[in-house]
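Here are some notes to read alongside the model. Please keep the structure open while going through the points.

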Amino acid sequence: MKVTLKVNGRVCSADVEPRKTLLDAIREDLALVGSHAGCEHGVCGACTVLLEGEPVRSCLMFAVQADGYEITTIEGLAPAPGELSVVQDAFCETHGLQCGYCTSGMILTGHALLQRTPEPTREEIVEAISGNICRCTGYGQIVEAIEFAGERLRKANAPRGSKGVDANQPHVDLSAETDAPQEGVLKAAQADTPHGGRP
Ligand code: FES
Ligand code: FES
């Protein structure tokens with residue numbers, strides 16, 4: 001059967017068997033292998049993708065059921081090649097991953113949570129990721145990563161009264177303003193460079 005999938009903003013057509021799962025279509029037909037096959041029966045969350053912005057288990061859906069819907073995979077979160085979204089960056093900073101098998105599902109789940117709940121409580125984060133299994137981290141750093149990403153997005157929102165920051169946007173160094181080096185520190189830094197920082 002011919003299906004048309006809108007994946008990461010691109011319209012892709014594929015010829016699939018009716019019994020083919022969305023996960024297999026994404027990995028095999030579209031070559032987007034960031035969505036992982038774990039249990040393949042709806043338990044682990046490694047296959048999570050966003051369908052119209054909501055996390056779903058792509059191993060439990062047939063590709064034909066997703067025909068015409070907007071799908072986001074982990075490959076679609078990065079704002080540009082070589083860049084990371086705020087949530088992805090937060091996972092790196094807090095060491096929210098080890099083997100990485102659960103990571104794409106965790107990040108997409110965290111991303112979706114922050115889109116609908118910009119300031120989630122710890123309990124809400126735990127609840128949101130409760131359907132995603134991680135064998136490595138003990139979950140603490142994953143929760144921390146989502147909290148951290150939420151904090152960054154809120155801070156990025158605050159100063160200039162902008163209407164909102166998309167979690168897809170590249171990481172903004174929020175410490176730049178508040179932690180700007182004082183004059184004396186700059187001089188000390190220049191003194192460490194050849195020619196005292198002068199060309
Ligand atoms: S692979 Fe889909 S839930 Fe485990
Ligand atoms: S980082 Fe290994 S399963 Fe989560």
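**Notes on the helix packing and the core**

1. The axes of helix 3 and helix 5 cross at roughly 40 degrees and come within 10 Å of each other. This is a predicted model. An angle between 35 and 65 degrees is neither roughly parallel nor roughly perpendicular, so helix 3 and helix 5 are oblique to each other. The crossing in which helix 3 passes helix 5 is right-handed. On the side of helix 3, the contact is made by M106, G110, L113 and L114. Helix 5 contributes I142, A145, I146, A149, G150 and L153 to this contact.

2. Neighbours within four places in sequence aside, A149 is in contact with V86, V87, A90, G110 and L114. G110 and L114 also belong to the helix 3 side of the contact described above. V86, V87 and A90 are among the buried residues of helix 2.

3. How many of the eight residues of helix 2 are buried? Six are, so helix 2 is largely enclosed by the rest of the structure. The buried residues are V86, V87, Q88, D89, A90 and F91. Helix 3 and helix 5 are included in what covers them. Just after helix 2 comes H95, with a positive phi of about 60 degrees.

4. The largest nonpolar core consists of 44 residues. Those with the most contacts inside this core are L22, I26, V87, I107, I142, I146 and A149. At least two core residues come from each of the following: strand 1 (2-7), helix 1 (22-29), strand 3 (48-51), helix 2 (86-93), helix 3 (103-116), helix 4 (122-128) and helix 5 (140-157).

5. For the overall picture, the protein has seven helices and five strands. Along the sequence they follow the pattern β-β-α-β-β-β-α-α-α-α-α-α. The protein has 199 residues, and 36% of them count as buried. Taking the contacts between residues at least 6 apart in sequence, 60% join residues at least 24 apart.

Terms used. Residues numbered from 1 in each chain as written. Chains lettered and ligands numbered in written order. Predicted model: local features only at pLDDT ≥ 70, side-chain atom pairs only at ≥ 80, totals over all residues. Core = buried A, V, L, I, M, F, W, Y, C linked by C-beta atoms within 7 Å. Buried ≥ 20, exposed ≤ 12 C-beta atoms within 10 Å, placed from the backbone. Helix = DSSP H or I, 4+ residues; strand = E, 2+ residues; numbered from the N terminus. Contact = placed C-beta atoms within 7 Å. Axes fitted to C-alpha atoms, helices over the stretch in contact; angles between N-to-C directions. Parallel < 35°, antiparallel > 145°, perpendicular 65-115°, else oblique. Left-handed = near helix turned anticlockwise from the far one by under 90°.
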